[in-house]
Amino acid sequence: MSLASETRLLLLSNDLASLFLNGMMKPLPILKLVFVILTVGVCAHAQVEKPALPGNKAEEIVQKAIQAVGGSSYLNARTVTGRGFITDYKDGVSGIPVRFVDYISYPDRERTEFSGGGQRTIQTNDHDKGWLFDGAAKTIKDQTQQQLEDFQFAMRTSVENLLHGWWRRSSAILSYAGRREAGLARRNEAVRLTYPDGFWIEYEFAADTGLPAKVLFKRKQKKPDTDEMQEVSEEDRLLKPVTIDGIVTPFVIDHYRDGVQTSRINYESVEYNRPLSDALFAKPANIKAIK
């Protein structure tokens, strides 16, 4: 399950739909197809649930969340295939939905295909490499360093990174961030991951069920009309939980930037542990080899 496919479509660029329809290829910080779509950071062997340390509130919340999303069924999932639509929002108004198919093979492979209007684009990441296919321009290119870094960023902020414990490899620190309002008579419990470089991500979970509800972080980006950098707040809201093969999956992921909605990922179907061949992620020798 990729809760953020962080993603990962996620970290898919929030401007993806409009860029795609204009025939432009821009890398997706796939958050978040979560698998996100919700999409990543990954482990090559089956994960084993670890008991929370007594009195460690943050660890207890994470362990409750693991059980809420499926326990061992969630931790032992090896592939995810998601299909649906991603929609760009501008000034609160939705654009034209773009169809996608997202393939994830743990530990660190993902291929996302977009189609619509007679066009097809593909973004694929395989370990530390990546390539892009632009159907309109009929080109295959290696991803730039920035695009590869965007993929790594999506992995870092994903819910999978938290629940699988992959963050421990980077010496991040897990802490309790408090209880928060989450609507009428509802509360979320929040935890924070803080990395040695100071970057942090907060994850909110429903206080009653333990299900993942939100992912929040801040990142720097250039202002639209200048080279000046600004810090923006990013937020994913994980909605419409559906249980598939014992795994609870958010079928709707809304992304917000500084409180304004910028995109929506809406899944039609999700399959777990479907066999995915190595060829699906390998860079094709030429355009004719694209499948």
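Select Asp 254 and Arg 264: they form a salt bridge, with the closest N and O atoms 2.6 Å apart (a side-chain nitrogen of Lys or Arg within 4 Å of a carboxyl oxygen of Asp or Glu). Asp 254 sits in strand 13 and Arg 264 in strand 14, so the pair ties together parts ten residues apart in sequence (strands are DSSP runs of E, at least two residues, numbered from the N terminus). Asp 254 is buried at 3% relative accessibility, while Arg 264 is partly exposed at 28% (buried is under 20% relative accessible area, exposed over 50%, partly exposed in between, with a 1.4 Å probe and protein chains only).

This is a predicted model: local features need pLDDT of at least 70, side-chain atom pairs count only at pLDDT 80 or more, and totals for chains, interfaces and linings use all residues. Residues are numbered from 1 along each chain as its sequence is written, and side-chain values use heavy atoms, leaving out hydrogens and water.

Stay on strand 14 and pick Glu 268. Its side chain meets Arg 99 in a salt bridge (3.0 Å, N to O). Arg 99 lies in strand 3, so this pair ties together parts 169 residues apart in sequence.

Next, select Arg 179 and Glu 189, a salt bridge at 2.9 Å between the closest N and O atoms. Arg 179 is exposed at 53%; Glu 189 is buried at 8%.

Now show Arg 180, Arg 192, Glu 202 and Glu 204, which are linked in a network of salt bridges. The structure holds 20 salt bridges.

Notes: Helix = DSSP H or I, 4+ residues; strand = E, 2+ residues; numbered from the N terminus.
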